[in-house]
Amino acid sequence: SSGINAEWPLRPGELYKWFFKLYELLLSKYTLYFSKTLFQDSSRKVMRSSTTNIVDHRTKLNDFSKKSKAATISLILNAANLERPFMGHGCKLFSEQAHSRALSPDVLSQDSDISLVRSWEIASKHSFIDKFEVIFHYGNGKDETLDEETKTEIVHLYSDVYHKNGKPYIYDTKRNRSYYLLLFDENVFLSVSYNTKKSERDSEIIKFLEDFKNSMSLSKV
């Protein structure tokens with residue numbers, strides 16, 4: 001006998017359960033962040049099969065948009081603060097030699113390494129608005145692309161109003177449109193808009209924003 005008293009089967013310890021819960025929440029969070037890429041090649045059924053407890057934030061955002069009759073609901077990355085220009089999802093690697101050669105006008109455009117550097121140069125010269133990347137958008141009852149006019153308005157409200165005074169609710173009197181903005185990650189914020197004047201403390205909207213922030217910031221693991 002080993003002298004160790006243990007029940008069989010062994011029950012997972014509290015630390016193991018905590019780590020597994022953290023894993024599920026991280027998987028849920030980054031599935032939403034990379035949903036554009038993931039849903040191009042995978043069905044929702046395949047996505048959900050990886051773990052039974054994954055939170056489908058994409059569906060939750062869509063459902064809330066329909067239920068509350070939101071005009072738009074968007075997840076936006078503020079890439080203006082990043083050290084290097086944002087060039088879309090995926091790994092973008094190239095050599096320092098390629099960067100030096102890319103500055104020469106007689107380099108071959110067929111060189112993928114050189115083309116990538118030039119894409120970098122172009123991305124670094126984007127306008128302020130273009131440095132805000134839409135991660136997820138739902139509007140008019142369907143998945144769609146956020147139009148440039150609305151995106152420009154949201155970015156300006158975020159930069160000029162929300163980011164300066166921290167007010168999550170903004171009412172645009174000229175457009176008769178209400179905005180709720182929520183910064184829940186270092187450079188990622190949520191925007192929900194309505195084509196009408198809403199209460200600043202609308203209980204349904206505020207509760208959803210609080211729950212979403214808690215889930216995405218992993219504050220209650």
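## Salt bridge between Asp202 and Lys198

Asp202 and Lys198 form a salt bridge whose closest N and O atoms are 3.9 Å apart; the term denotes a side-chain nitrogen of Lys or Arg within 4 Å of a carboxyl oxygen of Asp or Glu. Asp202 is buried, its relative accessible area being 17%, whereas Lys198 counts as partly exposed at 22% relative accessibility. Buried here means under 20% relative accessible area, exposed over 50%, and partly exposed in between, with a 1.4 Å probe and protein chains only.

## Basis of the model

The model is predicted: local features need pLDDT of at least 70 and side-chain atom pairs count only at pLDDT 80 or more, while totals for chains, interfaces and linings use all residues. Residues are numbered from 1 along each chain as its sequence is written, and side-chain values use heavy atoms, with hydrogens and water left out.

## Overall architecture

The protein chain contains eight helices and six strands. Their order along the sequence is α-α-α-α-β-α-α-β-β-α-β-β-β-α. These elements are DSSP runs numbered from the N terminus, helices being H or I with at least four residues and strands being E with at least two.

The protein chain has 221 residues, of which 37% count as buried. Its accessible surface comes to about 14000 Å², with 53% belonging to carbon and sulfur atoms; the areas come from the Shrake-Rupley method with a 1.4 Å probe, and for residues only the protein chains shown count as cover. Of the contacts between residues at least 6 apart in sequence, 59% join residues at least 24 apart, a contact being heavy atoms within 4.5 Å.

## Salt bridges across the sequence

The structure holds eight salt bridges. One of them pairs Lys29 with Asp185, the closest N and O atoms being 2.9 Å apart. Lys29 belongs to helix α1 (residues 14–33) and Asp185 to the loop between β5 (177–183) and β6 (188–194), so this pair ties together parts that are 156 residues apart in sequence. Lys29 is buried at 6% relative accessibility, while Asp185 is partly exposed at 23%.

Arg177 forms a salt bridge with Glu153, and here the closest N and O atoms are 3.8 Å apart. This pair links distant parts of the chain, with Arg177 in strand β5 and Glu153 in helix α7 (residues 148–165), 24 residues apart. Arg177 is buried, with a relative accessible area of 16%, and Glu153 also counts as buried, at 11% relative accessibility.
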